[in-house]
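Open the model in your viewer and follow the stops below in order. Each one says what to select and what is there.

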Amino acid sequence: MKTSLFALAALSLPVSALAQVVIPESTATRVAASADRALESDALAWDFVEGITTEVGPRQAGTEAEARGREWAVKWLKANGFDNVAIEPFEMETWVPGDQASAGIVSPFPQSFVVAPLGGSASTGPEGITAEVVNVGTVAELAAMADGSLTGKIAYITHYMTPAQDGSHYGFAGPARWVGSGIAAQKGAVATVIKSVGTDYHRNPHTGGAGFPEGVKPTPAGALSLPDAANLERMFERTQGPITMKLTLTPRDLGTTMSGNVVGEIVGSDPSLPPVLLACHIDSWWNGTGAFDDGAGCGIVAAAAKAVSDAGQPLRTIRVLFAGAEETGLWGSKAYSAAHLDEPVAVGLESDFGADRIWKFESNFREANPALHNRIARAVARFGVSNGMAVATGGADINIARDQKTAIIDLQQDGTRYFDLHHTPDDTLDKIDPVQLRQNVAVWTQVVGILANEPNDIQAGE
Ligand code: ZN
Ligand code: ZN
């Protein structure tokens, strides 16, 4: 109830008494207000992603560009009031894309295609490889082929993928890239080209990591843009004769180089309580500026941590982990877990799915700590977030939470646009929708604010 000045006057209270009427705001109210403010204006997440994409640009894992990204992030975290900001270096095996990437049909329908090397691809040498390209179909069809059946050939692998809010088609289509070239190499292929694992129709190939099993020598492996893959598939339909492709890719292995994780903290008032860990990754593929993947993620987690601290010092420390070298093999996530395994984390969360709105909240303690799960679900409902039934498993950068078997929360983002942009030259700042980004930061602020002020064990509620 509001007390009007007229009512105060009627009570004949001296005006000075007004200053002493302080109604203490509860922590929950202050956190909620901070989340609501983020919904109106989130300058900080935008500032991070604009800054790193503009002043650093692409940040290929293990290279000097990624090192510049780390230095930039350290300065940014310090400038924005984070404590204990540090780089935690680690060694990694580094692959770089080289400067030649072309795929051309030599016969029967000569023309050039747009291709990008896949991470882990071998080099064709600058002279390229000219060979018959064979349509092997999907990964499952490829796997069923006889050993030696692709000897001397370039394998072409296809898949089916459409946009989905939960991005689930990535799981169906991804193996074309993750394991396709390795299986083709086992069947004798001299090289592999895949239909890009993506959902757009631009002439932008989608790169990403390609794995080769132990004992299988990596071969050259590239992704064709989706329109070019469609063109090649039409060629297979229109000719019975062989199709010859010239593929040139010149990636290099640099051997062991240094990368590093960047950490920073909002220090809590009770150091005996395990911290809340918020993760993202700082590296990107070379071909875009890593705005969606994953500059936005680092901006979101840092902005949320800061917004929670603006609501008053939290009980628990909030630690941000900007992991290094995620794209080429989760090097930073693994190194962080190895270095900190004996330091308990209360709960781990990761942001690495673009900058669009959060639509679903999931935890892995829905059954063990229903009171906290439900409190969070109720608190984010006003931002249009649903209460997910699935058990959260966390993203790539929170290996430590899985290794410690601790609490995990997944804040699921709308992935409808994500695979139009993922790992392409189109992953740039202009693709970020500021309104959706603000909703995202508001939800993160609300969730992190509750977690960081929770006195009980988050996983078990005791
Ligand atoms: Zn990512
Ligand atoms: Zn990625």
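Start with the largest nonpolar core of this predicted model. The core has 90 residues, and the ones that touch the most other members are Leu-278, Phe-322, Leu-349, Ile-409, Trp-444 and Leu-451. Colour helix 11 next: with 11 residues, helix 11 gives the largest share of this core.

Centre the view on Leu-278. Which residues is Leu-278 in contact with, leaving aside its neighbours within four places in sequence? They are Val-301, Ala-305, Ile-318, Arg-319, Val-320, Leu-321, Leu-349, Trp-444 and Val-448. Two of these partners, Leu-349 and Trp-444, are also listed among the core members that touch the most others.

Now select Ile-105, Val-133, Ala-191 and Ala-229. They are included in a second, separate core, which has 20 residues.

**The domains**

Colour the chain by its domain assignment: domain 1 takes 5–94 + 256–452, and domain 2 takes 98–250. Taken over C-alpha atoms, the centres of domain 1 and domain 2 are 36 Å apart. To the contact between them, domain 1 brings 17 residues and domain 2 brings 20 residues. About 1,400 Å² is buried between domain 1 and domain 2, and carbon and sulfur atoms give 59% of that area.

**Zinc ion (ligand 1)**

Select ligand 1 and show the side chains around it. The protein donors of this zinc ion are NE2 of His-281, OD of Asp-293 and two OD entries from Asp-352, at 2.0 to 2.4 Å. The angles among the 4 donor atoms run from 57 to 145 degrees, and the site is irregular. Along the sequence, the donor residues of ligand 1 follow the spacing H-x11-D-x58-D.

Asp-293 is in helix 11 (residues 291–310), while Asp-352 is in the loop between strand 13 (347–350) and strand 14 (358–363); the pair links distant parts of the chain, 59 residues apart. Are Asp-293 and Asp-352 buried or exposed? Both are buried.

**Zinc ion (ligand 2)**

Move to ligand 2. Its protein donors are OD of Asp-293, two OE entries from Glu-327 and NE2 of His-423, at 2.0 to 2.5 Å from the zinc ion. How far apart are the zinc ion (ligand 2) and the zinc ion (ligand 1), and which residue coordinates both? The separation is 3.3 Å, and Asp-293 is the residue that coordinates both.

This site is irregular as well, with angles of 56 to 141 degrees among its 4 donor atoms. The donor residues of ligand 2 are spaced D-x33-E-x95-H in sequence. Glu-327 sits in the loop between strand 12 (318–323) and helix 12 (331–340), and His-423 in the loop between helix 15 (418–421) and helix 16 (434–452), so the pair ties together parts that are 96 residues apart in sequence. Glu-327 counts as buried at 12% relative accessibility, and His-423 is buried at 4%.

**Backbone details around the zinc ions**

Stay here and show the backbone. The peptide bond from Asp-293 to Asp-294 is cis, with omega near 10 degrees, and Asp-294 is found in helix 11. His-423 is not a glycine, yet has a positive phi of about 65 degrees.

Next select Ala-325, in the loop between strand 12 and helix 12. Ala-325 also has a positive phi, about 50 degrees, without being a glycine. At 0% relative accessibility, Ala-325 counts as buried.

**Two last selections**

Go to Pro-108, in the loop between strand 2 (101–107) and strand 3 (111–113).

Finish at Thr-248 in strand 9 (residues 244–249). Thr-248 counts as buried, at 3% relative accessibility. Leaving aside its neighbours within four places in sequence, the contacts of Thr-248 are Gln-100, Ala-101, Ser-102, Thr-124, Gly-125, Pro-126 and Gly-128.

Terms used
Residues are numbered from 1 along each chain as its sequence is written. Chains are lettered from A and ligands numbered from 1 in the order in which they are written. This is a predicted model: local features need pLDDT of at least 70, side-chain atom pairs count only at pLDDT 80 or more; totals for chains, interfaces and linings use all residues. Side-chain values use heavy atoms; hydrogens and water are left out. Donors are N, O and S atoms within 2.8 Å of the metal (3.2 Å for Na, K and Ca); water is not among the atoms, so sites may look incomplete. Four donors count as tetrahedral if all angles lie between 85 and 135 degrees; four count as square planar and six as octahedral if opposite donors are over 155 degrees apart and all others between 65 and 115; anything else is irregular. Helices (H or I, at least four residues) and strands (E, at least two) are DSSP runs, numbered from the N terminus. Buried means under 20% relative accessible area, exposed over 50%, partly exposed in between (1.4 Å probe, protein chains only). A nonpolar core is a set of buried Ala, Val, Leu, Ile, Met, Phe, Trp, Tyr and Cys residues joined through side-chain atoms within 4.5 Å. Contact means heavy atoms within 4.5 Å. Domain bounds come from an automatic or database domain assignment. Buried area is the accessible area (1.4 Å probe) that two parts lose on being put together, summed over both.
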